[in-house]
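Let's take a look at how the parts of this structure sit against one another. Here it is.

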Number of protein chains: 4
Amino acid sequence: MRIGVLTSGGDCPGLNAVIRSVVHRAVVDHNDEVIGFHDGWKGLLECDYRKLDLDAVSGILARGGTILGSSRVQPAHLRGGVEQAKGHVADLGLDAIIPIGGEGTLKAARLLSDAGLPIVGVPKTIDNDISSTDVTFGFDTAVTVATEALDRLKTTAESHQRVLIVEVMGRHTGWIALHSGMAAGAHAIVVPERPFDIAELAAVVGKRFEAGKKFAIVVVSEGAKPREGTMEFSSGATDVYGHERFSGVANQLSVELEERLGKEARPVILGHVQRGGTPTAYDRVLATRFGWHAVEAVHHGRFGMMTALRGTDITLVPLADAVQHLKTVPADRYTEAECVL
Amino acid sequence: MRIGVLTSGGDCPGLNAVIRSVVHRAVVDHNDEVIGFHDGWKGLLECDYRKLDLDAVSGILARGGTILGSSRVQPAHLRGGVEQAKGHVADLGLDAIIPIGGEGTLKAARLLSDAGLPIVGVPKTIDNDISSTDVTFGFDTAVTVATEALDRLKTTAESHQRVLIVEVMGRHTGWIALHSGMAAGAHAIVVPERPFDIAELAAVVGKRFEAGKKFAIVVVSEGAKPREGTMEFSSGATDVYGHERFSGVANQLSVELEERLGKEARPVILGHVQRGGTPTAYDRVLATRFGWHAVEAVHHGRFGMMTALRGTDITLVPLADAVQHLKTVPADRYTEAECVL
Amino acid sequence: MRIGVLTSGGDCPGLNAVIRSVVHRAVVDHNDEVIGFHDGWKGLLECDYRKLDLDAVSGILARGGTILGSSRVQPAHLRGGVEQAKGHVADLGLDAIIPIGGEGTLKAARLLSDAGLPIVGVPKTIDNDISSTDVTFGFDTAVTVATEALDRLKTTAESHQRVLIVEVMGRHTGWIALHSGMAAGAHAIVVPERPFDIAELAAVVGKRFEAGKKFAIVVVSEGAKPREGTMEFSSGATDVYGHERFSGVANQLSVELEERLGKEARPVILGHVQRGGTPTAYDRVLATRFGWHAVEAVHHGRFGMMTALRGTDITLVPLADAVQHLKTVPADRYTEAECVL
Amino acid sequence: MRIGVLTSGGDCPGLNAVIRSVVHRAVVDHNDEVIGFHDGWKGLLECDYRKLDLDAVSGILARGGTILGSSRVQPAHLRGGVEQAKGHVADLGLDAIIPIGGEGTLKAARLLSDAGLPIVGVPKTIDNDISSTDVTFGFDTAVTVATEALDRLKTTAESHQRVLIVEVMGRHTGWIALHSGMAAGAHAIVVPERPFDIAELAAVVGKRFEAGKKFAIVVVSEGAKPREGTMEFSSGATDVYGHERFSGVANQLSVELEERLGKEARPVILGHVQRGGTPTAYDRVLATRFGWHAVEAVHHGRFGMMTALRGTDITLVPLADAVQHLKTVPADRYTEAECVL
């Protein structure tokens, strides 16, 4: 068989581990040929690719990023993109395509699958917001990086009697905030699923100080927003250039909390470190298993499907199911964490 | 309510996180009183304990070890141990006991539960060999430590054209070897579940050198054994003092492989570093959830049960089920890893 | 003897290691009594302290922060502060004070020393900008944290064809930028000692892209500023609230570079993670040695001095020398790094 | 100019950083040509090499091992080796050779230098035992790895009331034991420079238990030996095969201490993890500076010299001085550590 693989969307620790696993399983065990498209769907649309043999994937298992590059280009963005993709698949004699990507990528995968292309998707997101799978690779690494940062920040907050507001990734869902906040023992966790009331947040933090504690750590998802009418809020505060992108929710929360509590409050925005670098052992194992099972799915003709983790098993679920809705943090997980507002 | 908690058996990253979680949930949310027995069942049998309030568990979430101490004492070891335990539970007015431990501890928990004591167990093992739960806390940390060591060892092996045989924990099951071996891209993984044929192992490694590769990494569980009749083997090689405990399977494999392959082979025995120190974020979250749900089980009177992870949910399973058999690595997981002998 | 110890100024990994070392040396080896003032000079001025015995410092060697707390209060801030300090030293029967702190703290130490108090200082700064010592504890940890972040960010930048501008600590000196930039292989390093020309920086980065590279990493000290007249620059850009503190040089550089290069540029501000948490082994050894030698200095009556590292030796230098000027990055260190503008 | 570079001897984190730095400085700044010999001196003797341009060293700064490979072959081992080396240097038109290695390599470098070859050495050893330089790259990484292991082991020892005897590298000198032991707060440090008295060691550890402590950590260099006549000792205990290499001093100490103290004692031998993998930021900076200055030395014709760190400066010292004697731990460093026997 001849299989094409591509990585699309934002960076995510484990992408290379999937690529390597696909190549190992396909080439060594099935005697397949594997090609890798450059820069995501862009490579497919522009027929820009290279052959992936064992040497090409040697030493990449633990490496961050993707040797194939990535982009945010989607076939649907391009007039005639789907037809072009079909044409190139035919020209290249491909028996299957394995796109590795997040929500947008999987939607594109579904589109192409519906258009008749033989596709097996591999879900990828550090945000953990793809439904139909217990977890995706990249999430554990993001949580680990955030937790290590929180561990470091805690001692500073304690020694200096401060409130630290730590902004972690998560535009639509609070998974990283929830897990890193639980792992680091944060005193409040603010997630997009539950718009916050600033007065309530201030009360929670204030109670700690009243109880004689000298510091507090608040973890907040970048996508968290105040309950309507409770706080003046700019979802993209402007900087001196009039750009909206720099000021995040942590900045605004720290100003508000400092004023309300009369305690020094400081924002820390962890940013891109959460989505780069060496994947954790957990993510490498999961990514490797996804790659292996994607090749198996190809050989069993199970197209239009996506690999998924269910318990300890890797299964296949329809692409159609996977992209229907975001997987948000369920209410009982908040209760467990106790400190989710 | 009045709840007693204890930690028993070998060290395991996450024990303190469970203790802290039990205290938080019980004291803050239910207004319970919690006492901690010292050194496992020993503390219960000797009525040696201390009160655990919020201050007592402050700052322990990320700390390795157990603030309560541990021992390998089991109530059944002691003549009249079960009766003694019952007596102390009555004297202390305990409404529940939450023992945190591995197979032996959970068996003792079942014994005491059958004898009428109100018990909710929390499973603990770095080996991941307790059935009825997808995974136990401590395992992810052990795999992470082993993987980091393998990452380091790989570059040395490569630069010096060696075979490194790395012995990881796992007396009866190969979970740590499987996961760390997959995560680090080991070239052969040897597990207790599949007695190895030394000739076959030598052939696998030898093939790598024939293909022009300059090194190989073999990961082996401490409990791995040769297929009968294939190799002279001492399950506990003696040292100069006649003690059997020091020489492990890695030592013997390295001697054999060096002779068979004519390549320098070196054993590395990772040892206790795998079971100590700060738990990973994953293990802290799991341990915290286990503690939370154990208290909930107590308040719902669900005695004779044990917390368990199923998918992304924490559930309760009968202690009786949990200790019936070891959870060994299933065959399809070997196939995925490819390099398991 | 009776010795008072205090920690003052910003957080710095290794503070607890110094405290522990002072107590160990003084109590175990000299049979001294040690008291610790709370929250820096504030504790001395308010006579707020506690006794420090071996138990009090047990387990703190590797812990971030300071068990004594810190503040930015200086005796000179307070009318009659120096007299008050002298009074309390007399009242408490102290034979020596060991203040651990940065430039401000050491200046205060000198002031008090000149006023006749028996003082031996221990220098502390993650910025490495105290002269008279080769290096201070905390610096290695800050560089390590920054380097790990840069390692992670590199793969993301590469996969996504971006310029990442990473802001590290260093208000007046570029030591952290220089070392972390060298350690991570940054493509440009911008330091306060050399006001930058934005056109020149854009040219350096642009040349990389012309050479076919797909990403660039720029490390910039928080205190870096443009050469006069070369770029509109706000040393404290305002946010929606009119607060100046959030927008740093990295934000402004990323806007400028994106416009000039036509490449996606993103700022990452590492922030407080650089100054908290577990110290590196290097910093623990240095901090421990500083504490040991501070006690020795006390017992030899070498007051008005500060511990310092020279080569591999710990020596004593006059407090007067230590605080005369900031230790900036010398020109030949730039040349070595090559990529310093 | 045309420069040859090679790496020789045991693995050491930072080798690739030196190679990269040599190539960057030579190629970019001086327009030199650089070739890399394979597998140390062997490559020079067999004229086995490859060209090293910027692409060849891209991405290797943080990678462990050496892209050139290494071996323990020395020119003097080979009849006519020196003449052969001279011949190849002439044939290849080399203006300089930069060998990167430890004591043996530097001795060979001196031999070849005395024979008229243009050589600038770069010292390398995780053991830190090369005199004339404050420190060598690789040492900080080894200490860091050992300290992280000790941090992990401490919690296990504490929870289980054990003595752990941790063997670290250091055949002839105790630097790694001293620094990691100080960094981790070990309770006894045993080094080769001071043959130990087992009774004295047992007394030191025993005193801890008498004082109510529940565990002890002993760090021992692999090359440590008992004072003559104080303990039966096998410098290479035999395993079942009659091989001497597996049983180390930690094994023997743990048997002895267990017997003398009546406490459970366990050996942990850290082994090769200390010398492989990603170098610390400190080692990357030092290695990069060494490479840079080696090229400068070549361009200034300063042959027969070796790069060295003195304080914060990189200087050049005669190869002859560097290899005259091992740098052992001086007595005052023991005193500081207090717990060195």
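How many salt bridges does the rule find across the interface of chain B and chain D? Zero, where a salt bridge is a side-chain nitrogen of Lys or Arg within 4 Å of a carboxyl oxygen of Asp or Glu.

## Ground rules

This is a predicted model, where local features need pLDDT of at least 70, side-chain atom pairs count only at pLDDT 80 or more, and totals for chains, interfaces and linings use all residues. Residues are numbered from 1 along each chain as its sequence is written, chains are lettered from A and ligands numbered from 1 in written order, and side-chain values use heavy atoms, leaving out hydrogens and water.

## Chain B meets chain D

Here, 52 residues of chain B touch 51 residues of chain D (contact means heavy atoms within 4.5 Å). About 3800 Å² gets buried between chain B and chain D, 56% of it from carbon and sulfur atoms; that is accessible area (1.4 Å probe) lost on putting two parts together, summed over both.

## Two domains in chain A

Chain A splits into domain 1 (2-138 + 279-322) and domain 2 (141-275), with bounds from an automatic or database domain assignment. Twelve residues from domain 1 of chain A and eleven from domain 2 of chain A make the contact.

The C-alpha centres of these two domains of chain A are 34 Å apart. Between them, the domains bury about 910 Å², with 50% on carbon and sulfur atoms. As for salt bridges between domain 1 and domain 2 of chain A, the count is zero.
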